[in-house]
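Dear colleague,

Please find below the structure I am handing over to you, followed by a short account of what was found in it.

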Amino acid sequence: MRTSYSLALSCLLALAHNNVLAAPSPSAAPLPAPITLTRRSRTQRNATELTAWLKKQKDLLETKYGGSSQRKRASGFNLLTNQNADSSYYGSIAVGTPAISYDVILDTGSSDLWLAASDGVSTNSDGIPTFDSSASTTFTDLNTTFSISYGSGSARGTLGKDVVQFAGFEVADQTFGVVTQVSSDLLSSPVSGLMGLGFESIAASGATPFWQALADSSGTLDSPLMAFQLTRFVDATNANALEPGGTFTLGAVNTTLFTGDIDYQSIPSGQEGYWIQELADLTVNGNSVTLDSGSGAYAAIDTGTTLVGGPEDAISALYAQIPGSAALSGSTGYYTYPCSTTVNVTMKFGSSSIAWPISNADFLLQQISSSQCVGAFFSLDTTGTSAPPWIVGDTFLKNVYSVFRASPAAVGFAALSETALAMNGKTGAVPSPTVGAVAATISGTTANAGTDRSSSANGALAITGASAAALWAGALLAGLVGGAFML
C-alpha cells in the first residue's frame with residue numbers, strides 16, 4: 001500500500017578532464033636541418049561555399065581585432081531539487097555584493113522575484129535563509145511597497161534592486177521583492193523565495209523578469225528560451241524529502257534530455273502573460289472529455305503548481321470515465337477512485353496532433369484508504385480573475401521536456417530521453433546553492449520608485465471564489481497534499 005510520497009532522482013554531472021601534456025625537457029641544440037615547403041593544391045569551392053568561407057574569414061578577423069561582430073551569445077543551466085515528493089521544484093540564484101546564494105522556487109505561473117528578508121521572516125520560518133539588504137554594497141531600496149498573492153498564500157514587503165545571478169547569467173540591477181511577511185505554508189526550508197518566469201505584463205512589481213531581460217537583450221542568449229526536465233519521486237518508497245529534481249536550461253535546450261522534435265505551439269495572440277496553451281483534447285482511458293473551445297480552453301503551463309486544475313464540468317466528466325470514482329467528501333474539487341484502476345490520461349494542445357500521456361503514477365496523488373486514492377486533477381473556478389480556466393502543473397510536466405520560448409512566443413514539448421527517464425526515482429545528493437561563473441551581464445529595468453505595487457487581476461495566479469487557496473487549505477488540513485503548491 002502506498003502511504004506517502006517518496007521521491008528520488010539522480011542528476012548526473014559529466015566531468016570533462018582536459019589532457020595536459022608535459023612541456024619538453026631542455027636538450028642539446030639540434031643541428032640545422034632543411035625543411036622542404038610544398039604548395040598545397042587550391043580548394044575548389046562553389047559559389048555558396050565561397051560566400052560562407054569569406055564570411056567566416058571576415059568574422060574571425062573582426063572577433064580577433066575587436067571589429068563590429070555581434071557579442072558572444074551563451075546559454076547556461078541550473079540543477080534543480082525535487083522537494084517533498086514532487087510538491088515543488090527549486091533552483092538557486094545568487095544576489096548582492098558579495099554574492100550570496102539562495103534557493104528559490106522556479107515558477108512559470110508568475111513573473112516576480114522575491115526573497116524572504118532577514119528583518120521580518122526568520123523569526124517565524126525556521127531554517128529558511130534570509131536576505132539581508134544591509135550586507136550588500138550594491139543594494140538599492142526603491143521605497144516601494146510590494147505584495148503578491150498565490151493559490152498557496154501571499155507575500156508582502158518592499159521593492160529593491162541588486163545584482164542577481166542565475167544559470168550563468170547576471171542582471172546588474174534586477175528589481176525584486178524583499179519580503180517581510182509570508183503566509184505560513186508558502187515557504188519551507190531551505191527555500192528562501194520565488195523566481196517568476198512568466199512575462200512582464202503580469203509582474204506585480206512592474207519589473208522585467210530576469211529571464212525576459214536576458215531574452216530582450218540582443219545577442220545575450222543563444223536562443224530566447226528556457227527549458228525544464230523534472231524528475232518523479234511521487235511513487236518512490238525510499239526517497240528523502242529533498243532529492244535531485246532535474247535540469248533547468250536557459251538560452252538553449254539540452255539535447256541529451258529529450259528525443260525527437262520539440263512540438264512548439266504558439267501562445268494565442270495577445271495572451272503573452274502566462275505561458276498559455278489551448279487545451280485541444282483530453283482523454284482518459286481512451287475516452288475523450290468534452291472541452292470548451294477558444295479562451296474557454298486556455299491553460300497556463302505552470303511549473304509552480306503541483307497538480308492540474310480545470311473547470312468543474314470537465315473535471316467531473318473526466319472522473320465519470322473512471323468506474324468507482326466519487327467526489328471526495330469534505331474537500332470540494334477533489335475526487336477519489338479505486339487504487340487498483342490504472343488511469344491513462346492524455347492532453348493535446350493547440351493544433352498539435354500529439355497527445356501527451358500522463359503516467360498513472362502521476363495521476364495517483366495520494367492513497368487514503370486500503371482501496372481508495374485521490375486523483376491529481378481537481379476542479380477550480382477562475383471566474384473574475386486574469387487566470388485561464390486550466391492550470392497545468394507538474395503532474396503533466398514531469399512527463400515531457402518542456403520549452404518556453406519568448407520569440408516567437410510559444411510553448412514546446414518533447415518526449416523525455418532514456419537519460420532523463422533514468423533519473424526518476426533514483427535517490428542521490430541534491431545540488432547545493434552556489435555562486436558560479438557568469439557568462440554574460442546585462443542591466444535590468446526598474447519599477448517606478450515610490451509607487452505601491454501589488455498583484456491584482458493582472459498578477460500571479462491568484463485564484464478566488466471556489467479558489468485554489470481554499471482547496472489546498474482543505475487538502476492540507478486533511479493530510480492529503482503534503483506541501484503541494486499552487487503558485
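At 74% relative accessibility, Ser269 is classed as exposed, because the cut-off for that label is over 50%. Please note that the model is predicted. Ser269 sits in the loop that connects β11 (258–266) with β12 (276–284).

Asp394 is buried and takes part in no salt bridge. The nearest side chain of opposite charge is that of Lys398, at 7.2 Å, whereas a salt bridge requires a distance within 4 Å. Leaving aside residues up to four places away in sequence, Asp394 touches Asp86, Tyr89, Leu230, Asp302, Thr303, Thr305, Thr306 and Leu307. Two of these contacts, Asp86 and Asp302, are themselves aspartates.

Finally, there is an open sheet of 4 strands, with antiparallel pairing and the order β16-β17-β21-β20. Its edge strands are β16 (326–327) and β20 (364–367), each of which pairs on one side only. β20 and strand β21 (residues 372–375) run antiparallel and are joined by 3 bridges. Within this pairing, Gln366 has Val374 of β21 as its bridge partner.

Which residues does Asp394 touch, beyond those up to four places away in sequence? Among them are Tyr89, Leu230 and Leu307, together with Thr303, Thr305 and Thr306.

Yours sincerely

Conventions:
Residues numbered from 1 in each chain as written. Predicted model: local features only at pLDDT ≥ 70, side-chain atom pairs only at ≥ 80, totals over all residues. Heavy atoms only, no water. Buried < 20%, exposed > 50% of the residue type's maximum accessible area, 1.4 Å probe, protein only. Lys, Arg positive; Asp, Glu negative; His and termini not counted. Contact = heavy atoms within 4.5 Å. Helix = DSSP H or I, 4+ residues; strand = E, 2+ residues; numbered from the N terminus. Pairing = 2+ DSSP bridges.
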